[in-house]
Every structure is written in C-alpha cells, then in structure tokens.
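Here is a short briefing to read alongside the model.

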Amino acid sequence: MILHLRRESRMYATFGFVAICILVLPLIIDSIWVKVLTSAAIFTLAAYGVSLLYSHLGLVNLSQVALVGAGGWIMLRLNYAADFPFEVNLLISAVITAFIGMVLALPAIRMKGLYLALITLMIAGGFQIILSAIQFPNGGSGFFGVALQSPGEMRRPVIAESDTAYLRYSIVIVVFGIMLAAAHKFSRPGRAWAMIRKSEANAMAAGVNVTFYKLWCFTLSGFLAGTAGGLLAGALKILDAKSFPAGESILLFALAIVGGVGHWMGAVIAGFLYRVLPAIFNNIGIDADLSLVIFGAALLHAIMTAPNGIAGQISTLFQAWGRQNK
Amino acid sequence: MIKISDLTVHFGGVVALDNITVDIQDDIVGVIGPNGAGKTTLINVLSGFVLPDSGAIDVEGVDLLSLAPHRRARWGLARSFQKVQTADNLSVADNIWVSLDTSASIGMRKSAALNRVLEYVGLVDMANVPAAMLNPCQRRMTELARCLVASPRIVLLDEPGGGLSECEVDRLRYVIGNIKANFGAQVLLIDHDVELIRSVCSKTMVLDFGEIIAYGPTETVLQDENVKAAYLGTEIGT
C-alpha cells in the first residue's frame, strides 16, 4: 500500500513537472531563454539515450552528440529535399540515426568498458571530420546541399511556428521519447538487459540473445539521438559543423552521470547543466567556460559520493522528507 | 537421453575432459569428483560455453554442439551456475519471466507456468519482491524456478547446494527430486554433498582428471574402491 502510494505521488510529481514546463515556463521567460530551454530539452532526450545504455547494460557511449549531429544533418537534408510534414521528417531522421547507431554498435559490441568507450569516441571523432568536410545542408544544390548564402529555410511544424510554441512542441516530443524508452524497462528488453548486466553467461543460459538485446539498446539510444538532432535542426534552423566536436559527447556522458543515470530526472538535470548553466553564466557576465570547471567538480562528486547522481540525491531527500511528515 | 561420444577438451596443456563416452538415460544423474576433475567443464560443454576439441553430443536426436548457447536454452536446455545469478533489480517474477520471454508458448500459458513454478519452489509470496532482498536460499530457488519454468528437456545444476543450511538442503532435495515428475526434464546434478546425490540420483558418474572412473547406480559407485581413492587419496606403496 505504501509502495503504491509512493508510486502514485511520484507520478503526480512527474506530471506536475511536465505540466509546468509546457504550460507555465514558456509564459514567464523571455525569448533568449526560450531558445536556451528548447535546446536543454532537446539534449535531455540525447542524455537519456546515453543514460539508457549505461544504466541498463553498463556500456559507455561517447558518440551521442555526434549522432545528434547525424540526426540534424538528415533532418535538414530531408527538409530541403522533400515536402513532407515536419513530423514525418523527424521520424525518418530518428529511424535512420537509429540504424546508424546500430551499424556502429555492431563492431563495438564485442568490446566492453574502456575499449568500447574508446571506440565510440573514435566514432565521434570520425563524425566530427565528416561533418566539417560536408557541412550541414542549408538549401544549396546537390546531395550535400550547401550554399554560401542559405537560399531556403528550415520549416517548423505547422502547429509550432513561433519559438514559444516550438519549445512546447519539443518538450512534448521529448516526453514521448523518454516514455518510449522507459517503457522498455518494464517489458521483455528491460528484463533481458537486467540479466545481461548481471551476467552475460547467465543471460545466454536463459535463452537471451545477448548480441541482439545489446544492439537493441544502442539502436534505441540512436533513435533518441536522431530525434534530438531533428528537433535541434528545427530549433536553430541552421546547424554549424563546429557545434558537434567529439569532446561534446564526452561532456554529455559526464553530465548524464552527474544528473543520475536510469532516471528521467537525471537526464533533465544533464540537459539543464549542458545548456542552461553556461547561458546563465553568460548572462551575468561570467565566462561560460567556467561551467566546465563546475562540471568537473560535479563529476568527481558524483563518482565519489553520489553513484545515482543528483536525481538520486533528490529522490533520497524527498523520501526522508516523506518519512518525517508521516 | 544424452549421448556423449569421444568428448575431449583441452585448456592449453591441461586436459579437462579426456575422451569421454557415456550414455545418460536416467531421470536424475549425479556428477561427482574432486576439484578440477572436469565436472563444470562437462556442463559448460553441454550448455555451449566451452567448445570441445573433438567429440559429439546427441540429445534426443539433436546435435547439441551445432547450436549457440542461447539456442540451446530455447531448445530446452536449462542450467544454473555455481554462483547464484539473479538480477538484483528485477523482482523474483521478472527474473523467472526472462526464461518465459524466450520460450514460444502463448501469454496465458506463461502466467500459468509462472504461478505453477513459484508454488513448486515455495516463492509464491515473494513474487514481487526485488531479488536484492532475497536470502541465498531464496535466490537459489528463484534460479531453479527460472530453469524450470519454460518446461526444459534437460536441466544442468552446478552445485545448487553450495552454501545452503541443512534445512534448506532438505527443501532443495524435494525440488530437485521431483523435477522429472512435475516438469518432465532430465537432470544432471553436480554437487559435493554426497548425501544429496545419494538421496536424489539413481545413477552417478565420477570424474577424475577428466576421465570417467566410475558410472553406475549411486550406491554401487559410492562403495567403489577407485572412487574412494580418488576422493581420499591412496597410501604410497599400496
């Protein structure tokens, strides 16, 4: 009964948070912060993908931001090539990015720990080089579609043309993405992942196709990255190849750990730290690079004292508070 | 029925299994032997975690060596490990569901199978408890339930009695002893607890240095002079 109540109150808290983000937040912030928050929401989704791989399988993925870039490239390419609605383009971008994630995971999946992390980092480095060579499409001619001056425009969804509407739209998509991934936890893949994490041999002995379920997790993580990339393309309208260096993927992974893996709130915190904190520093006249120092300290703190990240600490706090008020 | 012919496994210079040929027909067969005799290697070869250098394994007409480990599991080969392997963040029921997920039967029958096996191992009340909260015996029972739930053909148990108290072993004795009657599977049981082997296994195989030094009715095998010598050693000069 207590467990049931706790689950119910947790659900209300989640709904409350999402409702505030969608309904209230866009009304009280000015246009600069709308853009920052849109970007934070989008990277929340990408961080959730990283966190998924790490929390369920203990796999380190250091190429997530590169995949966000891939998703963004596909989204822009589709935008200028075809007249499909925004949602269709977004879905296609997510699916193709998921497929790219799966193909990249295919050789990487035989590695574990540090070696896997290194391979994914090399992949991110490869994407960085490819993206700076081909640039993002901006409506030019040819397959790569790059022109010196953008002759076209990135379309937004019909229902979300303005920045504020697009923030709301992004949050809704992010919530759906997180729900899709979280649903896995309580079904067949979640069980298989838990068994694999405990012992691959035991999972095999239980009939679990270990390679398939590892690939599935990479694919799902790629799907979230692709969705995030598509949304980012819609938010910024023009993407810059310089925004997707390999180092950013390491940063996003570190922040996912700081926020707390395995919980949506951890990803929200990661997205917030990744995009909002530097903007706050900029706003009050401090060098935004100072946030990197804070991220480093936060990572040390997470590794040494808070294995479940800030999200874990918050939920422990609420539990203690709930006990006191009983 | 398990038909093993000329099975040999090397680990570098060590011969873990040396040209083993045996037909296993009884419902519950014990495998005993000193440490390093090759018992676990035999189970690892059967379940696919070790590839033999030569030999063949035929189980009910199926060439087992041609299947990948997870395919053997789906075909109906279940095993437990020396160290209990329950996923701590899953509930007891979800740990068992992992096996049901990979079996072909339909949803309705799956939940019936789950309830049946929970009752069989005595964990009905614990179904929704996370495995992290279980004691070692309950973990072992969860693992056995996972092995049994999908109606396997062969069950390989690697020292299930390790670390259990006397009273828990009684429970284990009941659970292992009635597998054939309740689930129809043939059981291969490795254990150091000779009393457990004596009470549930109709036949027993003794391994020493990768060879079968005795195979026959359990009582006869346990009285065998060679077996006693392998366990206790022999005096020099005799």
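B:Leu77 stands opposite B:Ile154, a residue of β7(B). This is a predicted model, in which local features need pLDDT of at least 70 and side-chain atom pairs count only at pLDDT 80 or more, while totals for chains, interfaces and linings use all residues. Residues are numbered from 1 along each chain as its sequence is written, and chains are lettered from A and ligands numbered from 1 in the order in which they are written.

**The sheet of chain B**

- Strand β6(B) runs parallel to β7 (residues 154–158) of chain B, and the two pair over 3 bridges; pairing here requires at least two bridges found by DSSP.
- Both belong to an open sheet of 6 strands in chain B, ordered β6-β7-β8-β3-β9-β10, with mixed pairing.
- At the edges lie β6 (77–79) and β10 (211–217) of chain B, each of which pairs on one side only.
- Helices (H or I, at least four residues) and strands (E, at least two) are DSSP runs, numbered from the N terminus.
- On average, neighbouring strands of this sheet are turned by 15 degrees against each other, direction ignored.
- Helix α1 (residues 39–47) of chain B packs on the sheet, touching β3, β6, β7, β8 and β9 of chain B, and its direction makes about 145 degrees with that of β7(B).
- Such axes are lines fitted to C-alpha atoms, for helices over the stretch in contact, and angles run from 0 to 180 degrees between N-to-C directions.

**Two domains in chain B**

- Chain B is assigned domain 1 (1–76 + 152–238) and domain 2 (85–151); the bounds come from an automatic or database domain assignment.
- Taken over C-alpha atoms, the centres of these two domains of chain B are separated by 25 Å.
- Their contact takes 14 residues from domain 1 and 13 residues from domain 2 of chain B, where contact puts the C-beta atoms, placed from the backbone, within 7 Å.
- On the domain 1 side, α2 (69–75), α6 (166–177) and α7 (179–183) of chain B each supply at least two residues.

**Where chain A meets chain B**

- In this contact, 16 residues of chain A touch 19 residues of chain B.
- On the chain A side, α7 (188–198) and α8 (200–205) give two or more residues, and α7(A) gives the most, with 7 residues.

**Confidence**

- Chain B averages a pLDDT of 88, with 98% of the residues scoring at least 70; pLDDT is the predictor's confidence in each residue, from 0 to 100.
- The model scores ipTM 0.86 and pTM 0.88.

Conventions. Contact = placed C-beta atoms within 7 Å.
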